[in-house]
Amino acid sequence: MEQREPGVVMVTAVGSMPGSDPQEAARIVAGELDVPHVAELPARGPGADMVGRTLGMVVAATGEFAAETTPTGWRLAGVRAGGDPGRQMRRAASWLAEDADRLEEHLLGFTGTLKLQVAGPWTLAATVETTRGTALLADAGACADLAGALAEAVAAQVEGFARRVPAAARLVVQLDEPLLDAVVAGRIGTPSGRGRVRAPGTPELVDQLGRVAGAVRARNAVPAVHSCARTVPTDILARAGFDLLSVDAVTLGARADEDLGRWWDAGGTVVLGVAPALDSPRATPDALASLVAATWSRIGFAVADVGPRTWLSPTCGLAGASPAWARQVGGLLRRTARLLESAD
């Protein structure tokens, strides 16, 4: 890989990419981003999506939480004869290995920061159903078991990628938690739709997130969390021990200034999602740079203060974008970053 020297403000992406070609996805993320990542390609089908991929990872590492698809999502498959995890779980693990292989090919000699993504424990608990059709979230014991299994699986992934890309200076593990705010607020519905699943208390929320973040940190990697929701419980995430916070800055707007300011003040890194996740030919570096600069200005920062701890990304995953936009967005963000640096 011919490496480009990153600037002060780094550029990355959230995780998903359009299409089903892992070679093309790896080429884009390795060639266009300061912080490349293992791309998710949900267009391939169940097992390539965020939840299915993470479950396949968990099953491969622990033998637990094998699941299969239903018309509404993912459901635990129960005990399988001979310990067979099932076709969809095997396929999820196979696709992840293929995606990692393709990225590894493009990162020969890579010495920068590399990012992995997994679904977070609370989004998994709110999404995956038990064999009875209720969300795992309803069972506090199941949630604890899931977080423990996820921590074990993530640790195995970190160790595996440390061997794949041994010269990488830093490995970031991003927990995707798009449903965390709904879990906190008790908005996850029961199967009938007439009730709501329990809302875990703050200590339980912090504990399960912290178990996974701690497993990442114990392997000398950086624990990160992403949410593109309208509300992000940054206090819970900070208490759980995350160093890097990734958000949709457009959706959050000025009401998140205080939370972002506290995150930066505590020494953390913030990934500001500013580029459209869907095709937007009219998006310009000037407009995106103005959005970031306005955020910094309202909080009382400039590039000299938090530039090295500010990354830029699309607002969410690029699975719904065109291949052309996925190829362009990295360059758009890099030009935005250079504008921010030159304006100081």
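This is a predicted model: local features need pLDDT of at least 70, side-chain atom pairs count only at pLDDT 80 or more; totals for chains, interfaces and linings use all residues.
**Helix crossing**

I started with helix H2 (residues 50–62) and helix H5 (residues 140–164). Their axes come within 8 Å and cross at roughly 85°. Angles of 65 to 115 degrees count as roughly perpendicular, so I put H2 and H5 down as roughly perpendicular to each other. Next I listed who makes the contact. From H2 I have Thr54, Met57, Val58, Ala61 and Thr62, and from H5 I have Ala149, Leu150, Glu152, Ala153 and Gln157. Sorting the contact of H2 with H5 by class gave me 6 nonpolar, 3 polar and 1 charged residues.

**Aromatic rings**

I looked for aromatic pairs and found 1 in the structure. The partners are Trp264 and Phe301, with ring centres 5.8 Å apart. Their planes sit at 80°, so I logged the pair as edge-to-face. Where do Trp264 and Phe301 lie? I found Trp264 in helix H10 (residues 257–265), while Phe301 is in the loop between helix H11 (285–299) and helix H12 (303–306). The pair therefore ties together parts that are 37 residues apart in sequence. I also checked burial: both Trp264 and Phe301 are buried.

**A charge over a ring**

I then turned to Arg164 and Phe161. Arg164 lies over the face of Phe161, 5.7 Å from the ring centre.

**Thr295**

Last stop was Thr295, which I found in helix H11. Buried or exposed, I wondered, is Thr295? Its relative accessible area is 5%, so Thr295 goes down as buried. Leaving out residues up to four places away in sequence, I see Thr295 touching Asp257 and Leu260.

Conventions. Residues are numbered from 1 along each chain as its sequence is written. Side-chain values use heavy atoms; hydrogens and water are left out. Axes are lines fitted to C-alpha atoms, for helices over the stretch in contact, and angles run from 0 to 180 degrees between N-to-C directions. Helices (H or I, at least four residues) and strands (E, at least two) are DSSP runs, numbered from the N terminus. Angles under 35 degrees count as roughly parallel, over 145 as roughly antiparallel, 65 to 115 as roughly perpendicular and the rest as oblique. Contact means heavy atoms within 4.5 Å. Ala, Val, Leu, Ile, Met, Phe, Trp, Tyr, Cys and Pro count as nonpolar, Asp, Glu, Lys and Arg as charged, and the others, Gly among them, as polar. Rings of Phe, Tyr and Trp (its six-membered ring) pair if their centres lie within 6.5 Å; planes under 30 degrees apart count as stacked, over 60 as edge-to-face and the rest as tilted. Buried means under 20% relative accessible area, exposed over 50%, partly exposed in between (1.4 Å probe, protein chains only). A charge sits over a ring if NZ of Lys or CZ of Arg is within 6 Å of the ring centre and within 35 degrees of the ring normal.
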